[in-house]
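Please keep the structure open as you read.

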Amino acid sequence: MMISIVEASDGTFVYVQAEFTHLFGFSLEGINELGGFEALFCNQTVAEEIRSILMNGYPWTGIADLQAADGTSIEASLQITPIAEEVSEQVVGFVLFHTSLMAAKTFSIHQTLSIEHEITQVLQASKMSLWRLNVQGQASWALNLDSVLGETELPSYSEFLNAVHPEDRAQFEEVLTRSQIMTAYEFAFRYFRRDGQLVWIKSRGEVAFDEDGQPLYLSGTLTDITWRKHAQHLRQLNHRRTNTLLKSLPEHVICVGRDGIYRRIISSNPDFAIVFPKEQVGASIYDVLRLETADQRMVHLQRSFVLHRPQTYEYQTVSANGQRYYLEESVVAIDVKPNGAATAGDEALILVRDITRHKQLEAALLASQIELQEKWVVDRSLKNIDAESRYATFLKRIGGDYVSCNQAFTQLIGRSIQEICGKSDFDLFSPKIAEILMQHDLAVLNSGKMLDFDEVFERDGQPHWCLVDRAPLYDEAGQLFGVCGTAVEMRSF
C-alpha cells in the first residue's frame with residue numbers, strides 16, 4: 001500500500017512515497033507537470049467524478065486503471081479520503097491509499113507495516129480513524145481507532161450502538177438503514193468511550209455494492225469533533241449572555257454631581273435621546289424636571305451618597321415631543337469618601353431604563369383581570385335575572401355606573417340597554433333623584449346588607465314610584481364589586 005497527498009485546489013501532489021516513483025515511473029515534479037491528480041487516471045471522466053465526490057467531503061473507495069510514465073495501465077485498489085479544515089470544514093486536500101493489484105504481492109511485510117505506521121501518524125494528527133465494515137457487522141479493518149473511540153478494534157454493531165448516546169441512537173440507526181440504498185452518508189453523534197468520556201463523533205462514509213446492487217461493505221472515517229462542539233456551545237452561550245447584557249443596559253447613563261448638575265449624558269438608545277437631550281449637560285436637575293420629580297431625584301441622589309448603596313425608583317415624564325414615558329432610575333454614588341464627607345468632585349451615576357412597555361403590559365393585564373372579574377359577576381347575577389320578568393333588575397359597579405339590566409328596567413326608565421350601561425344615575429335622571437339613589441347605594445355598600453327603599457325613577461321626565469331592594473354584590477375573590485337592585489313599580493300592585 002502506498003500513500004500520497006494531493007492539494008485540493010489544483011490537484012497537484014504535495015507528497016509521494018518512493019514506492020510511487022518506482023511503480024509509476026513519475027517523480028513528484030513529473031506527475032504535477034502532466035496535470036497532477038487527474039493525469040494519474042487513464043479515464044479522465046472517472047477522475048473528474050472521483051474528485052467531485054471528494055470535494056463534497058466524501059471518501060471514495062474502488063478499483064481504477066492508473067497510468068504509468070511509460071503509458072502502461074496499472075490496475076490499482078484505491079481508498080481516497082478528503083482532508084478538511086477543522087473550523088470551516090472546507091476540503092483542502094486528499095490522502096490516497098493505493099495498491100497495485102499487479103504488484104501487491106511484491107510488497108514485503110516490513111514495507112506494509114511501515115506504510116501503515118505513516119498512515120496512522122497522519123490519522124492521529126487529524127484525530128481521524130479509517131474503517132471498513134461488511135454487511136454482517138464484522139470489522140474488516142480499522143486504523144487509529146484508539147485515539148477516536150478508545151478501542152483497539154472496531155466493536156460489533158450491537159456493542160457500538162449501546163455506546164452511542166441514547167438520544168442519538170434513533171438517528172444512528174436511521175442513517176445506517178438509509179445507507180443501504182445510497183452511496184454516501186454523513187452524520188454526527190455522541191459516543192461513550194470505555195473510560196466513560198463522552199465524545200462527539202462525525203462519521204462519513206460510503207457503501208460498496210456488488211454487481212447485483214446488493215451492499216457488500218461500508219467504509220469511511222470517524223473524526224473526533226468534541227472540541228468543535230464545545231466551541232459551538234461556548235459561542236452560543238456567549239451570544240445568549242451578550243444578548244442578555246444588551247437587553248439589561250439602560251437607555252441612558254447620566255453622570256450628575258452632588259449639587260444636581262448634569263455633567264455627562266450617555267445614550268445607548270438613539271430613539272430615547274429626545275427624553276434626555278445632550279443639551280441638558282451643565283443644567284441643574286431643577287432646570288430639567290418638574291419640581292416634584294426633581295425633588296424626588298435629589299432625595300435619592302443624596303441618599304446614595306449617605307447610605308453608600310444604590311437607590312431605585314420609578315416615575316413618569318413627558319418628552320419634548322409630548323410622548324409620555326415611564327422610567328426606572330437607579331442612582332449609584334461613585335468615589336464616595338469613607339467618612340461620607342462631601343466634596344466638589346462627588347459624582348453619581350443615574351441609570352435610566354425605559355419601562356413604558358412594561359407598565360403598559362401591566363396595565364393591560366390589570367384591565368383584563370378586572371374585565372374577567374366583572375364578567376364573572378355579571379354572568380353569575382344574570383343567571384338569577386329573568387329577562388322576561390316584570391320586576392326591573394339592574395347591576396351597578398361600586399363607582400355607580402350601570403353594568404347590566406333586564407328588559408323590564410329599560411321599560412321602567414324609557415331607555416335602551418346601550419343607553420344605560422356605562423352610565424351613572426346622574427347621566428340618566430335629574431340631579432335631585434340621582435343624589436338620592438347614590439345615597440341609597442352608599443348605605444348598602446357601607447352596611448353590607450340588603451336594604452329596602454321607596455324610590456322614584458324618571459321616564460320622559462315623569463316620576464314613577466317603586467319599591468326597591470338593593471343588595472351588595474361581590475366578585476369571585478370576595479371583594480365588594482357593586483350593587484344589585486330589583487324595582488317593582490307601585491302601580492303594578
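This is a predicted model: local features need pLDDT of at least 70, side-chain atom pairs count only at pLDDT 80 or more; totals for chains, interfaces and linings use all residues.

Residues are numbered from 1 along each chain as its sequence is written, and side-chain values use heavy atoms, with hydrogens and water left out.

The pLDDT (the predictor's confidence in each residue, from 0 to 100) averages 78 over the protein chain, and 78% of the residues score at least 70. Helices (H or I, at least four residues) and strands (E, at least two) are DSSP runs, numbered from the N terminus. Confidence is lowest in helix α4 (residues 109–125), with a mean of 55, and highest in α15, at 93. Over residues 103–113 pLDDT stays under 50.

## Helix α15

How far apart are the end C-alpha atoms of α15? They are 24 Å apart, in agreement with the 24 Å that its 17 residues (431–447) should span at 1.5 Å a residue; the expected span is 1.5 Å times one less than the number of residues.

Buried here means under 20% relative accessible area, and exposed over 50%, with partly exposed in between (1.4 Å probe, protein chains only). Ile433, Ala434, Leu437, His440, Asp441, Val444 and Leu445 are the buried residues of α15. They lie on the same side of α15, because they cover an arc of only 135 degrees around the axis, taken from the directions from the helix axis to the C-beta atoms. The face turned away from them carries the exposed Pro431, Lys432 and Asn446. The cover over the buried residues includes β16 (392–397) and α14 (425–428).

## A buried lysine

Lys396 sits in strand β16 and counts as buried because its relative accessibility is 1%. Its side chain makes a polar contact with that of Asp425 at 2.6 Å (a pair of N or O atoms within 3.5 Å; within protein, one must be able to donate a hydrogen and the other to accept it, and residues adjacent in sequence count only if both atoms are side-chain atoms).

## The nonpolar cores

A nonpolar core is a set of buried Ala, Val, Leu, Ile, Met, Phe, Trp, Tyr and Cys residues joined through side-chain atoms within 4.5 Å. The largest has 27 residues; Phe24, Phe37, Leu40, Phe41, Leu78, Ile80 and Phe94 touch the most other members. Strand β4 gives the most to this core, with 4 residues.

Key: Contact means heavy atoms within 4.5 Å.
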